[in-house]
Amino acid sequence: MVRNIILSILLLVCLSPEAHAGKPFIIVQMSDPQFGFKQGKVDPEDVRHELANTIEAIRSINLLRPDIVVITGDIVNHRNNAAQLEAADSMMRSFRKDMEVLMIPGNHDVKTGGGEVDASDFVGHWGYERFSVLRKGCALIGINSTYIKLAPGSDAARENRAWLEAELTKAAESRKTKCTIVFSHYPFFLASPDEGDGYMAISSAERGSYLELFKKSDVNYIFAGHLHNNCEASGDGLQMVVTSSVGWPLGTGVAGIRIITVDGDKVRHRFYETKDIPTDRREVIGSM
């Protein structure tokens with residue numbers, strides 16, 4: 001009887017969040033569930049494929065119990081499609097109740113046109129469009145990169161830039177900050193910082209000033225999505241990591257998630273196909 005009580009107490013201690021204190025901080029990055037994407041041109045209400053893949057991933061994430069989950073945009077294929085938004089709500093309900101989940105919008109989550117971006121639908125549904133939090137000495141900053149890519153000259157883009165500068169300054173000046181990671185839907189580059197323009201990445205006209213800001217603010221990693229495939233590049237001390245879609249990949253991509261570990265100022269990451277997502281924190285930390 002006493003033995004069983006002791007074992008129960010030890011089990012509760014091991015499962016408690018406090019048990020992870022002082023150990024590597026685990027972040028899961030999910031990107032582009034984009035409910036309604038696969039059948040978008042045929043039947044926008046058909047979300048079965050993306051939802052099945054996403055829920056399968058979340059089952060493993062719930063067992064893994066990461067410290068935080070970040071979803072880097074394109075939550076739905078069309079910003080105000082009721083069936084797609086219900087699938088997104090179902091996704092959120094599938095996470096453990098005690099799990100912190102943050103998100104930022106992608107281009108499919110906002111209204112665009114005429115050099116403007118309107119994120120009011122996204123904010124109306126989710127309550128925010130960007131975030132800045134400090135977790136175990138790591139500043140995590142999620143930006144609405146649609147302003148940078150699709151409305152660079154707008155008032156909203158300027159306000160977004162001012163907010164980002166303020167949050168990066170705050171992180172850099174805090175004695176508690178050991179590292180700063182930025183999350184974006186759009187990648188800032190795919191091959192090198194001086195590459196030309198294309199549909200997938202931030203334009204070269206905007207890229208330079210943001211990369212200079214990140215360098216000045218000691219940002220070493222940016223994690224993004226949008227590509228529906230994996231891609232990694234680096235330049236001038238900055239690692240640009242693009243994560244495939246959890247919902248429906250493109251080209252040679254596979255559906256899955258990225259697991260990021262942070263230990264002090266050391267950041268490591270690895271992409272896992274959905275069927276291979278580990279469920280043991282020790283396995284994750286040991287494999288990085």
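Predicted model: local features only at pLDDT ≥ 70, side-chain atom pairs only at ≥ 80, totals over all residues.

Me: Which residues form one aromatic cluster?

Reply: Residues are numbered from 1 along each chain as its sequence is written, and side-chain values use heavy atoms, leaving out hydrogens and water. Rings of Phe, Tyr and Trp (its six-membered ring) pair if their centres lie within 6.5 Å; planes under 30 degrees apart count as stacked, over 60 as edge-to-face and the rest as tilted. The cluster consists of Phe131, Phe183, Tyr221 and Phe223.

Me: How is the pair of Phe188 and Tyr210 arranged?

Reply: Both Phe188 and Tyr210 are buried (under 20% relative accessible area; exposed is over 50%, partly exposed in between, with a 1.4 Å probe and protein chains only). Their centres are 5.9 Å apart with 45° between the planes, and the pair is tilted.

Me: Why does the pair of Tyr221 and Phe223 count as stacked?

Reply: Two values describe any aromatic pair: the distance of the centres and the angle of the planes. Here the centres of Tyr221 and Phe223 are 5.7 Å apart, and the pair is stacked because the planes lie at 5°.

Me: Which residue has its charged end over the ring of Tyr210?

Reply: A charge sits over a ring if NZ of Lys or CZ of Arg is within 6 Å of the ring centre and within 35 degrees of the ring normal. For Tyr210, the charged end lies 4.4 Å from the ring centre, and the residue is Arg161.
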